[in-house]
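Please look through the structure below and follow how its parts pack against one another. The briefing after it takes a pair of neighbouring elements, then some individual residues, and then the chain as a whole.

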Amino acid sequence: DRFAFRNALARQVAYEGLSFQRRRELHGRVADALAASSDIRAAQVPLHLTRAERWAQAWSAAVKAADEASRDGANAVAGELYDMALVSARHLGLPKGDVVAAARRAGEVWEQAGLFDRALEAYRLAAVTTDDAADRLMLLLRRARVHENAGRYTQALRLCGRVLTQAQTLPAGPARQRCLAWAHIGYASARLGQGRPADSTEHAQ
């Protein structure tokens, strides 16, 4: 049997009257019921698992649903789901690489959705989590690109300049060259956006 509140305020009052433990229990039961059904609302399973604080299941379900939403072009939905997964990750001893990958994907879909501040936060999380210095610099360049797309050229240039400096400390090799090349490209693009083609050409070369 099913029932529904006709009044959203009544529903909210009833929900807030529940203890936190009771809320977790109910969300867990809803998640289990949806997961066992073919109901289209099964896509809500990660949300209920998160609210039930079943972190390991919530992580797996959210990443899977986010990947599917991303493939379908539902970027904002994918972003919410990746962010949900990242909330669960705080409570789990996951490999850093898994967290970095999810945060990077969150940044990508938020960027594609045009929600630049959320993209910046996702890329920031990926950058502070990774142990790979070159990867961290490439993530800074992603943040620079987001600033540029948002018309914040000064911030973009500052990040590109930071990468140009820090990349010099990397060991010689392909990773260092890739960081330097993309930093110059990012710098040139931001200068062009500022209407300074001469400076742009200098870095592009």
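Helix H8 passes helix H9 in a left-handed crossing, in a model that is predicted rather than determined by experiment. The axes of H8, which spans residues 133-149, and of H9, which spans residues 153-166, come within 7 Å and cross at roughly 160°. Because an angle over 145 degrees counts as roughly antiparallel, H8 and H9 are described as roughly antiparallel to each other.

**The contact between H8 and H9**

- On the side of H8, the contact is made by Leu-137, Leu-140, Leu-141, Arg-143, Ala-144, His-147 and Glu-148.
- On the side of H9, the residues that make the contact are Tyr-153, Gln-155, Ala-156, Leu-159, Cys-160, Arg-162, Val-163 and Gln-166.
- Sorted by class, the contact of H8 with H9 has nine nonpolar residues, together with three polar and three charged residues.

**Asp-135, another residue of H8**

- Asp-135 is found in helix H8, and its relative accessible area is 18%, so it is buried, given that the cut-off for a buried residue is under 20%.
- The side chain of Asp-135 is joined to the side chain of Thr-130 by a polar contact of 3.3 Å.
- When its neighbours within four places in sequence are left aside, Asp-135 is in contact with Val-100 and Arg-104 as well as with Thr-130.

**Tyr-123 and its surroundings**

- Tyr-123 lies in helix H7, which covers residues 116-129, and because its relative accessibility is 0%, Tyr-123 counts as buried.
- Not counting residues up to four places away in sequence, Tyr-123 touches Arg-104, Gly-107, Glu-108, Glu-111, Leu-139, Arg-142, Arg-143, Arg-145 and Val-146.
- One of these residues, Arg-143, is also among the residues of H8 that make the contact with H9.
- Tyr-123 and Arg-105 are 18 residues apart along the chain, and their C-alpha atoms are separated by 8.7 Å.

**Glu-108 and its partners**

- Glu-108 is found in helix H6, which runs over residues 96-112, and with a relative accessibility of 17% Glu-108 counts as buried.
- The side chain of Glu-108 makes a polar contact of 2.7 Å with the side chain of Arg-142.

**Val-77 in helix H5**

- Val-77 lies in helix H5, made up of residues 75-89, and because its relative accessibility is 46%, Val-77 counts as partly exposed.
- Although 32 residues separate Val-77 from Val-109 in sequence, the two are 8.9 Å apart in space, taken from C-alpha to C-alpha.

**The chain as a whole**

- The protein chain contains eleven helices and zero strands, so that its elements, read from the N terminus on, run α-α-α-α-α-α-α-α-α-α-α.
- Of the 205 residues in the protein chain, 39% are buried.
- Among the contacts in the chain between residues at least 6 apart in sequence, 47% join residues that are at least 24 apart.

Methods. Residues are numbered from 1 along each chain as its sequence is written. This is a predicted model: local features need pLDDT of at least 70, side-chain atom pairs count only at pLDDT 80 or more; totals for chains, interfaces and linings use all residues. Side-chain values use heavy atoms; hydrogens and water are left out. Helices (H or I, at least four residues) and strands (E, at least two) are DSSP runs, numbered from the N terminus. Buried means under 20% relative accessible area, exposed over 50%, partly exposed in between (1.4 Å probe, protein chains only). A polar contact is a pair of N or O atoms within 3.5 Å; within protein, one must be able to donate a hydrogen and the other to accept it, and residues adjacent in sequence count only if both atoms are side-chain atoms. Axes are lines fitted to C-alpha atoms, for helices over the stretch in contact, and angles run from 0 to 180 degrees between N-to-C directions. Angles under 35 degrees count as roughly parallel, over 145 as roughly antiparallel, 65 to 115 as roughly perpendicular and the rest as oblique. A crossing is left-handed if the near helix is turned anticlockwise from the far one by less than a right angle, and right-handed if clockwise. Contact means heavy atoms within 4.5 Å. Ala, Val, Leu, Ile, Met, Phe, Trp, Tyr, Cys and Pro count as nonpolar, Asp, Glu, Lys and Arg as charged, and the others, Gly among them, as polar.
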